[in-house]
Structure formats: C-alpha cells, structure tokens
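Visitor: I am new to this structure and would like to be taken through it slowly. Could we look at it together, one topic at a time?

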Amino acid sequence: TGSTRPQRLLKAVQKNATKGDPQSVISTIDHFCRRCEWAMNVGDEKGTILDSVVCEVSPGSTLELGTYCGYSTVRIARLLAPGTKLITLEFNPDFAKVARQVIEFAGLQEKVLLVEGPSGDIIPKIKEQFGITTFDLVFLDHWKDRYLPDTKLLEECGLLRKGSVLMADNVICPGTPDYLAYVRSSPKYDSKYFKSHLEYTKVEDGLEKSVYLG
Ligand SMILES: O=C(NCCCCCn1ccc2cnccc21)c1cc(-c2ccc(F)cc2)cc(O)c1O
Ligand SMILES: [Mg+2]
C-alpha cells in the first residue's frame, strides 16, 4: 500500500534535515509543505508568532493539544529552558508514530512527553499521572470543536493558574467560533487576536492568545 502524507513528510526530514538541529527540521517541513504537499502544521508565519509568546512566557510546563507530525512540538520544545517539559496529546496513532520520529530527529525527545489518546479522557488524569500542578502555556491545535470543552475541563481540573496563557490555532480557519466567543466574553480571560494566514496559504487565519485571570 502507498505511503501517507505524514510518512512522506518524515522521509523529507530524514533526507534533508540535519539530525539534532531543530531549525533544519522546521525549515525542511515548511519547504516540503510549500513546494510538495500542503499539511496542517501551524507553519512558519503563525509559528513565528507562537515562538514570540513561548519566549515571553518561558514556560516551566507546557501542554500541546494536537501533535500531528510534531512540527509545533519541535518549534516549542526548541525554545524551552533545560529541565522544562512539554506534554503533547495526539489522538491518531499513525500521526503519533511519525511525530515521535520527527521529535527524535530534532534531538528534543528529552523535553517532550507524547501521550496518545483523546484529550477529554487524558486531561483529568494529567495531575496524578504526570505530577503537573498547573500549565504555564497551553497550545490548542486539535479538533476545533474540542477547544471550548477542553478549556473548561482544564479550568475544572485546576490545571490553569493566574497568568496561564492559552494559544489557540485556527480561530478563523477552520474556525472555533464557540471558543472565541467564550474567551473574548468571559471575565476569567484577557484575550487578544494575532492576525495571520492559514499555513502556507493567503487565506486569513490567526492565533488567539488568552491569559487566564483565575
Ligand atoms: O483539523 C485540524 N487540526 C486537528 C487535526 C485532528 C486533531 C485530532 N486530535 C489530536 C489530538 C487530540 C486529542 N483529543 C482529540 C482529538 C485530537 C486543522 C485543520 C486545518 C485545515 C484543514 C483543511 C483546510 F482546508 C483548512 C484548514 C488547519 C489546521 O491548522 C489544523 O490544525
Ligand atoms: Mg492548526
């Protein structure tokens, strides 16, 4: 049987990137997605915005919802201080299999814990299973109709603290209208929209940065 797009993306990384060099992995994936096959990575334009927020927050603990091929996992993990961890959730075992290899190729496997399964089941177990008290940064990039329920779940499970930052991808395309309405109207959040484009296209999209006020 033929290969999948994530497998072809992984082959491009193994062929063209430099082992242990996260920037070369990022550049190779962006080149592959522009020149060969579009893929739903956060991309270089939104990725630069995400980088700036990661650097500003310099999180001790980070949660990523939606690993896919590990592109944003590598983008975030490459900026984390020594001894800090990124937990990333992936529902699709085939995506997870590729992502583990991309993360390892970048040499960032010590900073990343990839957990397979649905966010709704895993989030309530995070405190006990991984010894996390709260997350300083959460990157939402999974099913768009799970952003709102999972944000409420993070609140209910006591996984957010005053100042925790939520960064949400695709708030325009494909769109997360219920999530946007919530974080922009709730007194518990201070929300800001970073206008950009859907990865590797001219279509409008953007990231929503929401600070939890407790
Ligand atoms: O769908 C997107 N991402 C989610 C993929 C599936 C996540 C599944 N998953 C992972 C962890 C996890 C945990 N629990 C439950 C489910 C979970 C996405 C789509 C587009 C896009 C596509 C076509 C188009 F024409 C325009 C835009 C662009 C993006 O940037 C995206 O991120
Ligand atoms: Mg996305």
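Guide: Before we start, one cut-off is needed: a residue is called buried when its relative accessible area is under 20%, exposed when that area is over 50%, and partly exposed in between. Please also keep in mind that this is a predicted model.

Visitor: Is Asp169 buried or exposed?
Guide: The cut-off for a buried residue is under 20% relative accessible area. Asp169 has a relative accessibility of 0%, and therefore Asp169 counts as buried.

Visitor: Which residues are the protein donors of the magnesium ion (ligand 2)?
Guide: The donor residues follow the spacing D-x27-D-N in sequence, and one of them, Asn170, is buried because its relative accessibility is 4%. The donors lie 2.0 to 2.2 Å from the magnesium ion (ligand 2), and they are Asp141 (OD), Asp169 (OD) and Asn170 (OD1).

Visitor: Which residue meets Asp169 in a salt bridge, N to O, at 2.6 Å?
Guide: Side chains of opposite charge can pair when their charged atoms come close. Here the partner of Asp169, at 2.6 Å from N to O, is the side chain of Lys46. That partner lies in helix α3 (residues 43-57) while Asp169 lies in the loop between β5 and α9 (171-175), so the pair ties together parts that are 123 residues apart in sequence.

Visitor: Which helices does the salt bridge of Arg75 with Asp51 tie together?
Guide: The closest N and O atoms of Arg75 and Asp51 are 2.7 Å apart. Arg75 lies in helix α4 and Asp51 in helix α3, so the pair ties together parts that are 24 residues apart in sequence. Arg75 is buried because its relative accessibility is 5%, and Asp51 is buried because its value is 10%. The helices asked for are α4 and α3.

Visitor: How many residues of strand β7 are buried?
Guide: Strand β7 covers residues 204-212 and pairs in the antiparallel sense with strand β6 (residues 189-197) over 9 bridges, with Tyr193 standing opposite Glu208 in β7. Strand β5 (residues 160-168) also runs antiparallel to β7, joined to β7 by 4 bridges, and Met167 stands opposite Lys209 in β7. Strand β7 is mostly covered, and the count of its buried residues is 7 of 9.

Visitor: Which residue in the turn between β6 and β7 has a positive phi?
Guide: Strands β6 and β7 form a hairpin, with 6 residues between them. The residue in that turn with a positive phi, of about 65 degrees, is Tyr200.

Visitor: What kind of aromatic pair do Tyr68 and Phe95 form?
Guide: A search of the whole structure finds 5 aromatic pairs. One of them links distant parts of the chain, with Tyr68 in the loop between β1 (61-65) and α4 (71-77) and Phe95 in helix α5 (residues 93-105), 27 residues apart. Planes over 60 degrees apart count as edge-to-face. The ring centres of Tyr68 and Phe95 are 4.9 Å apart and their planes stand at 85 degrees, so the pair is edge-to-face.

Visitor: Which residue lies over the face of Tyr182?
Guide: Tyr182 is linked by ring pairs into a cluster with Tyr189 and Tyr212. At 5.1 Å from the ring centre of Tyr182, the residue lying over its face is Lys152.

Technical notes
Residues numbered from 1 in each chain as written. Chains lettered and ligands numbered in written order. Predicted model: local features only at pLDDT ≥ 70, side-chain atom pairs only at ≥ 80, totals over all residues. Heavy atoms only, no water. Buried < 20%, exposed > 50% of the residue type's maximum accessible area, 1.4 Å probe, protein only. Helix = DSSP H or I, 4+ residues; strand = E, 2+ residues; numbered from the N terminus. Pairing = 2+ DSSP bridges. Donors = N, O, S within 2.8 Å, 3.2 Å for Na, K, Ca; no water. Phe/Tyr/Trp six-rings, centres within 6.5 Å; stacked < 30°, edge-to-face > 60°. Lys NZ or Arg CZ within 6 Å of the ring centre and 35° of its normal. Salt bridge = Lys/Arg side-chain N within 4 Å of Asp/Glu carboxyl O.
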